[in-house]
Amino acid sequence: MTEVIKLSKVSKYFGAHIKAVDNVSLSIEEGEFVAIHGPSGSGKTTLLNIMAGIDSPDKGRIVVDGVEPKGIRDWVEIRSRKMGFIFQAFNLLPTLTALENIEIRMYGIVKSSREREQRAFDLLKKVGLETRANHRPTQLSGGECQRVAIARALANYPKFVLADEPTGNLDSKTSDKILDLLATLHQSNQITLIMVTHEKDIASRATRVLSYGDGKIISDIQSSF
């Protein structure tokens, strides 16, 4: 299978003593659903941010979809065309509607405004929110906001999606619905999904679970879920 992300001996330090990522080597293949599980402060979000080009490693090499990014321009190209990102805090623009929050992700990629609007609406249908298209984030529940954020992450048909604690701000019932949605989208769209979580039961929903602590991968287990 094709490698989507490959890290080779990657390290990231904060100050003299904090090793958020400590000489990590990792390969993630196309179509996998990977959970990175570990306690708060273990460095797992920093690892995810390095995969997204949000943080730069102090040492090591990262290859994304066969390309080794050399600078901001390379990362902008990867993030706009190949990557989707789901944030714990949703990060929706409060003055825009659900539809517009998805459309804005396509600016500079999809030239036709009609195509942007239609694609955004189709994605809202996919996450079950077509009737909420004209609602702003303050008019939506937490679960609805996260579903809009998931639709936004899929706007440019990415090869892989990174999710940082996607259920962290949700109650358990809503969390289950979001995880069901992510699993369905992973299977139906054949998108590589990489999710960070501190909760073991959420991590178990993935097909591969990386246990992470003190800046290192402790175990790498294929799940039977």
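Biologist: Which residue in β2 is the bridge partner of Glu3?

Modeller: First, the basis. This is a predicted model, in which local features need pLDDT of at least 70, side-chain atom pairs count only at pLDDT 80 or more, and totals for chains, interfaces and linings use all residues. Residues are numbered from 1 along each chain as its sequence is written, and side-chain values use heavy atoms, with hydrogens and water left out. Strands are DSSP runs (E, at least two residues), numbered from the N terminus, and two strands pair if DSSP finds at least two bridges between them. Here, Glu3 has Glu29 as its bridge partner in β2.

Biologist: How many bridges join β1 to β2?

Modeller: Eight bridges join β1 (residues 3-14) to β2, and the two strands run antiparallel. Phe14, for instance, is bridged to Ile18 of β2. These strands form a hairpin with three residues between them, and Gly15 in the turn has a positive phi of about 75 degrees.

Biologist: Which strand order does the sheet have?

Modeller: The order is β2-β1-β4, in an open sheet of three strands with antiparallel pairing. At its edges are β2 (18-29) and β4 (59-64), each of which pairs on one side only. On average, neighbouring strands are turned by 15 degrees against each other, direction ignored; the axes are lines fitted to C-alpha atoms, and angles run from 0 to 180 degrees between N-to-C directions.

Biologist: What joins β1 to β4?

Modeller: Five bridges do, between strands that run antiparallel. Among the residues concerned, Ile5 has Val64 as its bridge partner in β4.

Key
Helices (H or I, at least four residues) and strands (E, at least two) are DSSP runs, numbered from the N terminus.
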